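Here's a quick tour for anyone meeting this structure for the first time.

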Amino acid sequence: MKDQAGRRRARRLAIGTAVVVALAGMNGPWLYRFGTEQYHQYEINKSEYKAANGHWDIVEFPPEYRQDTIHAALLHTGKVLLVAGSGNNQDNFDKKKFDTRIWDPVKGTIKKIPTPKDLFCTGHTQLANGNLLIAGGTKRYEKLKGDVTKAGGLMIVHNENPDKPITLPAGTKFSGRTNGRTFVSKDPVLVPRAKKVFDPATGAFVRNDPGLGRIYVEAQRSGATYETGTQDNYRIQGLTGVDARNTYGIAQKLALDKKDFQGIRDAFEFDPVAERYIKVDPMNEARWYPTLTTLSDGKVLSVSGLDDIGQLVPGKNEIFDPGTRKWTYTRKLRQFPTYPALFLTQNGKIFYSGSNAGYGPDDVGREPGVWDVATNAFTKLPGLDDANLLETSGTVLLPPAQDEKFLVIGGGGVGESRQSSRKTRLIDLKAKNPRFVDGPELQKGTRYPQSSILPDDTVLVSGGSEDYRGRGASNILQARIYHPDSNSFTRVADPLVGRNYHSGSILLPDGRVMFFGSDSLYADEANTRPGQFEQRIEIYTPPYLYRKSRPTLGGGPRTIARGASGTFTSKQAGGIKKVRLIRPSASTHVTDVDQRSVALDFTTSGDKVTVTVPKNRNLVQSGWYMLFVDDGRGTPSKAQWVRIP
């Protein structure tokens, strides 16, 4: 029988080779490429190839369900929330066409979800109750310099009255005292009262420090005639008496320059069971491109973003309390670029890797370090020799999370820079003197790498592009698995779809990985044809799922407290070598600060596996997790969902 099987394999290989050789002998390059592609498909679909390299499959939704997915999160129902909002499409924004889908990767069902605001470029994180917190989004699309018709910009409103704040409605007119030009506000603004300052030695009154409000204003008419070149003071029309004396505006140049995206203050929880958005109190600051990070007590920190006038939020970070569903400012300011990679560490502080997704000065808030939110102390971390190439890099907390080692992958220069980095960098926060060291290099400079923790303690790294938003047809059709134990990469099967800006990846409960999005600026190497948003989803099945068997996992409690144990059943209990608790992802713009894999202590007896959850709430934040068990070959079970209260 073995000889017969061997002859059959040899015959198939001979036929495949003959086809390629025959086609190669012809003068038709298309026929040659066709034959080569056919042979390639034959090779990558062989069982031995899949067992060594894994396999990729494309999922294409029916036309009526397709959308430009910008954000994705795994829900504890096993379904995936896919959020587009307006999907980086100005026409959708103008029509208020905002999209969300729920996809069941097991059943293949898709459902449209009413989307209350433009959640394009929002922030999100998993909450303890199983809901997804979503905050921020788009108020206005950017306008390039040639598209701006009315001069405008930032007006700082001053209130020198220490006795009361003042609110100015949308449509308030500001008249320049020197330039004589009038500008109109686009939104209402609340300007706080002035602060009285006293001499600490004598207690004598010294001065009033004015309260400040920020508002976007624009000229009443179109044209360069209404631009201003220098700073001016502005009288506010309609104010009288004390208000007129104490309240005024100051603006720098108000011009026809490019106007950046503007953010919104709106916030929602998405309920995975009811499958709907629930409105909660809005943030104090409007934010576009914010990062949301869960803190020790289950509250959520909201950081950075562009505000409602298109300016980087000036370090005014805030915290969401899931109990009250309200937001409060942190006590002190700290500024970061947009979508900063911020991770809760085991001592309750926040690690900032330097990874970010774009907007912000190139010399403010870009150095990595450890941030104590309570005191605002920030300890910089040394060792990077390419700190100027961390924009659009990815950061992942390596498994198991107890080791507190991070991998920073690729990246590029600030803004639309053509620079990209082949580097990976490692840092061990448990070291006596933590510092970055170089890890294994990538084959190509890589912006926008997608990375997902796998239940066998490896990390899948895929995609990205060499240039900004895939310019020059620079998408990287390569995937690798990073092995923390050996600090090395293994090349695996190549993805079928290029992924760059607006893309991400999500580990699924069955051990596969889902990839979404990609927003190439151009569709050709010469950068002449506009790119199209990639609406196809791709699934990677890792090599461990092509083994003949995998451990089972069933039964057990749905809830396990920190420090407590739970018992599950597995027919392969005696062969279990690892138990991992993996927090579900919420991914966008190369930013996924939720994913982490926690090692659990365990014992086995017969077909029983008893697992114990660590006590540290900074290591195991409250919420839903996927529980995997691995056998001696690193083959994981399908996950059981477990809630940590």
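This is a predicted model: local features need pLDDT of at least 70, side-chain atom pairs count only at pLDDT 80 or more; totals for chains, interfaces and linings use all residues.

## Surface and ground rules

Residues are numbered from 1 along each chain as its sequence is written, and side-chain values use heavy atoms, leaving out hydrogens and water.

## The whole chain

What is the chain built from? It has five helices and 48 strands; these are DSSP runs numbered from the N terminus, with helices being H or I of at least four residues and strands E of at least two. The radius of gyration is 27 Å, close to the 26 Å that the globule rule gives for 645 residues, so the chain is as compact as a globular protein of that length. (The radius is taken over C-alpha atoms, and the rule is 2.2 Å times the number of residues to the power 0.38.) Along the principal axes, the C-alpha atoms fill a box of roughly 100 × 70 × 50 Å.

Of the 645 residues, 54% count as buried, meaning under 20% relative accessible area; exposed is over 50% and partly exposed is in between, with a 1.4 Å probe and protein chains only. Among contacts with a separation of 6 or more, 60% come from residues 24 or more positions apart, a contact being heavy atoms within 4.5 Å.

Now zoom in on β23, residues 300–303. Val300 and Ser302 point one way from this strand, Leu301 and Val303 point the other way, and all are buried.

Which way does strand β22 (residues 291–294) run relative to β23? The two are antiparallel, joined by four bridges; strands pair if DSSP finds at least two bridges between them. Thr293 stands opposite Leu301. The β22–β23 hairpin has five residues between its strands, and there Gly298 takes a positive phi near 90 degrees.

β23 also pairs with strand β24 (residues 318–321), again in the antiparallel sense, over three bridges. In that pairing, Leu301 stands opposite Ile319.

A few loops deserve a look. The peptide bond from Pro399 to Pro400 is cis, with omega near -10 degrees, and Pro400 sits in the loop between β30 (394–397) and β31 (405–409).

Arg469 isn't a glycine, yet it has a positive phi of about 50 degrees. Arg469 lies in the loop between β35 (459–462) and β36 (479–483). Is Arg469 buried or exposed? It is buried, at a relative accessible area of 12%.

Val590 isn't a glycine either, and its phi is positive at about 60 degrees. You'll find Val590 in the loop between β43 (586–587) and β44 (597–599), buried with a relative accessible area of 18%.

## A stop at Val437

Last up is Val437, in strand β33 (residues 437–438). Val437 counts as partly exposed, at 44% relative accessibility. Its C-alpha atom is separated by 6.5 Å from that of Ile427, ten residues apart along the chain. Leaving aside neighbours within four places in sequence, Val437 is in contact with Thr424, Arg425 and Leu426.
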